[in-house]
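Let us read a structure together, one feature at a time.

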Amino acid sequence: MTPFLIADLWGELLAVLTTLFFALPYIAGYIAIILLTLLIWTGVKKVLRPVHDYTSLKTVTFGDESAVVSNSVASVVSVVLIFVFWAVFTGSSLLPSFLHAPGAFTGTGTFTYTVTTPDGRSDDAEVTVLVYPRDEEADAPDVDPGDGFAKNDSIAIAEYRSDLLRVDQNDEIGRDEDAVITAINGQEVAPGDTVRVDFGTVSLSGRGTPNISPSTGMQMEPIWLPSPEGVWSRLTEIATSGYRNSTLWEHLGYSLFRVIVGFTLGALVGIPLGYAMGLSDWFRGWFDPIVEFMRPVPPLALIPLVIIWAGIGEVGKIILLFLAALWIMAIGARSGVSGVKISKVHAAYSLGASKFQILRHVIIPNSLPEIFTAARVAMGVCWGTVVAAELVAAEKGAGMMIMVASKFQSTDIVIMGIILIGIIGFGIDMLMRAAERFLVPWKGKG
Amino acid sequence: MSNLVIDDVSMRFDLPGGGAVQALKNVSLTLKQGELMSVLGPSGCGKTTLLNILAGFLAPTEGKIKLGDKRVTGPSPERGMVFQQGALFEWMSVRDNVGFGPSMKGMAQKQKREIVDHLLDVVGLSQFKEKAVYELSGGMQQRVALARCLANEPEVILMDEPLGALDALTREKMQGLVLKLWKETGKTVILITHSVEEALLLGERLIVMAPRPGRIHREYNLPFADMGVGRDLREVKKHEDFGKRREEILSMIWEMEEEIMGGAEQ
């Protein structure tokens with residue numbers, strides 16, 4: 001088995017590398033644009049506001065961590081560029097149309113084909129292709145059949161689609177009489193070949209039928225990537241009229257509710273557990289194997305088991321999030337306790353503090369910074385886990401929204417959901433950081 | 001009058017990989033109340049171990065420690081401790097740090113306030129009462145540590161290199177403060193230090209300890225601490241005897257270090 005496995009994996013690796021290779025020019029282009037804005041900004045900055053602060057006098061900045069601060073201009077450029085690329089390749093109305101990537105062909109195009117019969121006669125006929133916008137309907141245009149034994153044809157194809165055309169159906173001598181297409185636009189073809197025409201490509205199928213593929217341009221079809229304003233209008237629509245019998249706020253609120261309840265329960269159990277592990281060797285020995293084993297198990301791997309045991313209701317999800325937060329909080333509290341300087345504890349004892357007073361006035365405040373760090377990590381993990389759990393099974397929730405939308409190929413809802421999930425996750429982290437600054441100002445000052 | 005008696009204290013413990021360490025051997029010493037003693041010695045001579053035994057953080061394997069009639073079995077507010085930096089509670093203000101001992105006893109707010117205000121005045125930090133300790137400089141933090149220890153009215157103050165991390169100038173000022181506090185409060189003070197000068201300045205008695213096993217090597221009775229009270233310490237250092245003693249003790253410790261290094265090479 002093994003040699004086959006290695007060969008398979010090698011094949012997969014090659015496929016990945018090939019994909020990467022084809023993506024390289026685009027990545028290089030992106031980097032070039034970023035570097036260009038950097039260059040322009042450096043020039044503009046020199047002219048607009050020359051800097052004479054301390055950092056500007058440093059000759060060594062490469063490797064000096066304190067000289068590296070996040071450049072807000074680069075951040076703005078980064079975000080704006082994402083939207084620009086998004087707009088360019090979706091033909092968004094946010095950008096003037098001359099900035100759009102070439103779109104799919106619409107309108108009428110023609111090509112000629114040459115049919116040759118077994119006895120050596122040949123004749124040309126013209127095919128008229130009407131490519132109509134995807135949100136309209138159209139019929140094949142009427143064309144004059146023309147002369148000769150091959151008659152002119154016509155077909156209507158929706159934008160981004162391709163179609164086979166049995167051109168010989170109206171011909172006097174067709175495939176049944178072994179007449180075959182030997183040229184398109186005068187270019188010789190055999191079954192399997194592809195010919196470029198004005199509006200796209202025509203290829204001959206294995207049985208000699210032309211397959212007409214009008215050019216799709218470089219813009220994304222909305223089913224792959226909707227335009228920014230499409231996503232925005234879908235957002236306003238769902239915000240006002242809801243989705244799947246629940247309002248947008250219900251979906252997001254349910255996800256947040258699960259995270260907050262699960263995280264709170266996990267912290268309520270995990271922090272005392274961590275303290276016990278940090279203060280007693282018996283507790284440490286008791287829970288170390290459990291905690292150290294459960295910590296590397298991704299909470300997502302527990303979803304099937306939780307569903308089997310607790311079903312797909314709120315209880316199952318909250319158990320899952322409880323477990324996701326529990327180990328992180330326990331380990332955070334444990335290392336918070338272990339991190340207390342022995343001289344602080346000694347000082348407190350020789351100032352007459354009892355064990356309880358030491359816990360209350362020394363160990364707990366000393367561990368708070370670590371606990372906050374753990375809480376930030378746990379909140380992040382819980383948020384990711386709740387979305388994943390809702391992807392699997394849920395009646396309400398942000399994850400459920402994008403899962404159901406993907407089944408109906410409503411890519412705009414999927415993208416809207418991803419953006420909302422990202423914004424909420426970011427917001428949670430910002431809130432935790434603010435709480436940390438407010439509640440443990442002594443962090444890192446010990 | 002409670003004397004601090006160190007009665008034939010030995011300390012020996014097993015190492016995890018086999019073998020044992022004799023950290024202290026037959027150390028005996030009596031400190032009268034109000035005496036100021038400094039302890040010097042090369043690293044590994046057991047001076048910190050001795051201090052930890054006095055504080056009650058470690059139990060000796062033989063012998064006993066008595067403060068007055070009471071035998072020392074664990075930490076107690078009678079024996080206050082001043083550590084090298086980092087033993088303050090950075091989640092509390094300067095005021096709460098100094099008031100920690102009285103708070104633990106459940107002292108009334110008003111009385112505690114008076115004690116704290118007085119002590120911060122003594123160490124010269126009245127303007128910094130409400131500051132967080134991490135906003136203070138290293139020297140100021142050690143003043144807070146001294147005040148915190150004194151707030152508890154201990155009979156004995158144990159100092160584990162309290163000035164070790166300070167710069168030379170701040171250190172000299174703090175040495176003056178320690179002398180002043182010792183004289184004003186009449187507490188028994190034991191000070192561990194690495195600096196021979198500091199040991200000479202801040203010790204009516206000075207013991208030099210030797211390693212392997214940790215023991216008392218020499219003991220001196222010195223006049224410099226009394227001379228230094230209320231005087232410029234630089235004047236004391238210029239004293240002829242001060243220089244002689246310093247040279248003598250330095251070469252003694254130097255020899256011991258050489259011996260240790262020699263032993264390590266063999």
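Predicted model: local features only at pLDDT ≥ 70, side-chain atom pairs only at ≥ 80, totals over all residues.

Q: Which residues of helix H6 of chain A are buried?

A: Start with the general idea. An α-helix has 3.6 residues a turn, so residues three or four places apart point the same way. Now the case here. H6(A) spans residues 299-310; helices are DSSP runs of H or I, at least four residues, and strands are runs of E, at least two, numbered from the N terminus. Its buried residues are Pro299(A), Ile303(A) and Val306(A). They cover an arc of only 85° around the axis, which puts them on the same side of H6(A). (Buried means 20 or more other C-beta atoms within 10 Å of the residue's own, exposed 12 or fewer, partly exposed in between, with C-beta atoms placed from the backbone. The arc is that of the directions from the helix axis to the C-beta atoms.)

Q: What does the face of H6(A) turned away from its buried side carry?

A: That face has the exposed residues Ala301(A), Pro304(A), Leu305(A) and Ile308(A). The buried residues pack against helix H7 (314-338) and helix H9 (355-392) of chain A. Just after H6(A), Gly311(A) has a positive phi of about 80°.

Q: At what angle do H4(A) and H9(A) pack?

A: Angles run from 0 to 180 degrees between N-to-C directions, and axes are lines fitted to C-alpha atoms, for helices over the stretch in contact. H4(A), residues 248-279, packs with H9(A) at about 135°, their axes 9 Å apart. That makes H4(A) oblique to H9(A). (Under 35 degrees is roughly parallel, over 145 roughly antiparallel, 65 to 115 roughly perpendicular, the rest oblique.) Residues making the contact include Gly262(A) and Phe263(A) of H4(A), and Ala378(A) and Trp383(A) of H9(A).

Q: How many residues of chain A are in contact with chain B?

A: Contact means C-beta atoms, placed from the backbone, within 7 Å. Here 16 residues of chain A are in contact with 20 residues of chain B. Helix H8 (342-350) and H9 of chain A each give two or more residues to that side of chain A. The largest share, 6 residues, comes from H8(A).

How values were computed: Residues numbered from 1 in each chain as written. Chains lettered and ligands numbered in written order. Contact = placed C-beta atoms within 7 Å.
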